[in-house]
2 protein chains.
Amino acid sequence: MKTILKTMIIAALTASGIAGGAIADGHADKALMAAIKARQSQMQVIAYHTGLLGAVAKGEAEYTSEGATAAAENLAAAAGLHRELLWLEGSVQGTVEGTRATAKIWSDSEGFEKAAMGLEKAAADMITAAGQDQAAVGAAMAGLGGACKTCHEAYRGPKN
Amino acid sequence: MKTILKTMIIAALTASGIAGGAIADGHADKALMAAIKARQSQMQVIAYHTGLLGAVAKGEAEYTSEGATAAAENLAAAAGLHRELLWLEGSVQGTVEGTRATAKIWSDSEGFEKAAMGLEKAAADMITAAGQDQAAVGAAMAGLGGACKTCHEAYRGPKN
């Protein structure tokens, strides 16, 4: 199943011009780089909304139910993206430029999935908290930060 | 309501270190730049999955219900993000570096909302099509491309 997806993705990226060039041993990594760029964009969306919620949690930004809920829902939407299209096997630190993804993401795919589900759970909890009050956002922030840390410590390599 | 959100965002970004620095006339645009980066990341996620689906539509990549549905669902999730946290007033071409967003986004906010809802509708239609077959994806691609074009023509300025 994963192989079918990867084949589709490499063909699609190459054909659509996102990756460019013909499919060949030397060109497949363009598809990987496009996937890396997409998932780093996903992380950017997550980081932006986490920053908003973090400041609300600290009391450095005004809590409003509307604003906090919107931020939490955006965070959850980004966290919930299907991962198989973004984490292509081979898009790993040391093989492709510009990523800190470790090989363990694929060798320990169950653990990675569990960590990612931890983020989804933390984001869902944040939506609930965001509708309550500033203190609830603060409590949920601990879970959210923990989910980020768990995954980054286990599956992100050192800075280049 | 929009003002409350903007105040929250500027305070949050500044306090959380995403924007950095104290809130002052000269520093508020750091919050705008963070929002611009976040929405450009959103667009990147949309473009990546549109590229996958476009290649399936053209028959250049193999159609699978699973792969096409995952791509369409990711596209819809990105398209459906709450816009008020991303399109901050003032984050406009000519005022802040690195954006092609035109002033019309805010002066014609109803029109912009309508165009954005057009993308959400096209993404929802793509999910339906993705579960059917390659021809359905092709038909839905026309609507998706049209939604992109409508918004870009009306609300995106020239390249710098």
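Author: A disulfide is a pair of cysteine sulfur atoms within 2.5 Å. This is a predicted model, where local features need pLDDT of at least 70, side-chain atom pairs count only at pLDDT 80 or more, and totals for chains, interfaces and linings use all residues. Residues are numbered from 1 along each chain as written, chains are lettered from A in the order written, and side-chain values use heavy atoms, without hydrogens or water.

Reader: How many disulfides does the whole structure hold over all chains?

Author: Zero, over all chains. A:Cys148 is in no disulfide, and the nearest cysteine sulfur, in A:Cys151, lies 8.8 Å away.

Reader: Is B:Cys151 buried or exposed?

Author: Buried means under 20% relative accessible area, exposed over 50%, and partly exposed in between (1.4 Å probe, protein chains only). B:Cys151 has 17%, so this residue is buried. A:Cys148 has 23% relative accessibility, so A:Cys148 is partly exposed.

Reader: What share of chain A is buried?

Author: Of its 160 residues, 47%.

Reader: Which secondary structure does chain A have?

Author: Helices (H or I, at least four residues) and strands (E, at least two) are DSSP runs, numbered from the N terminus. Chain A has six helices and zero strands. The order of elements is α-α-α-α-α-α.

Reader: What share of the contacts in chain A with a separation of 6 or more joins residues 24 or more positions apart?

Author: A contact means heavy atoms within 4.5 Å. That share is 69% in chain A.
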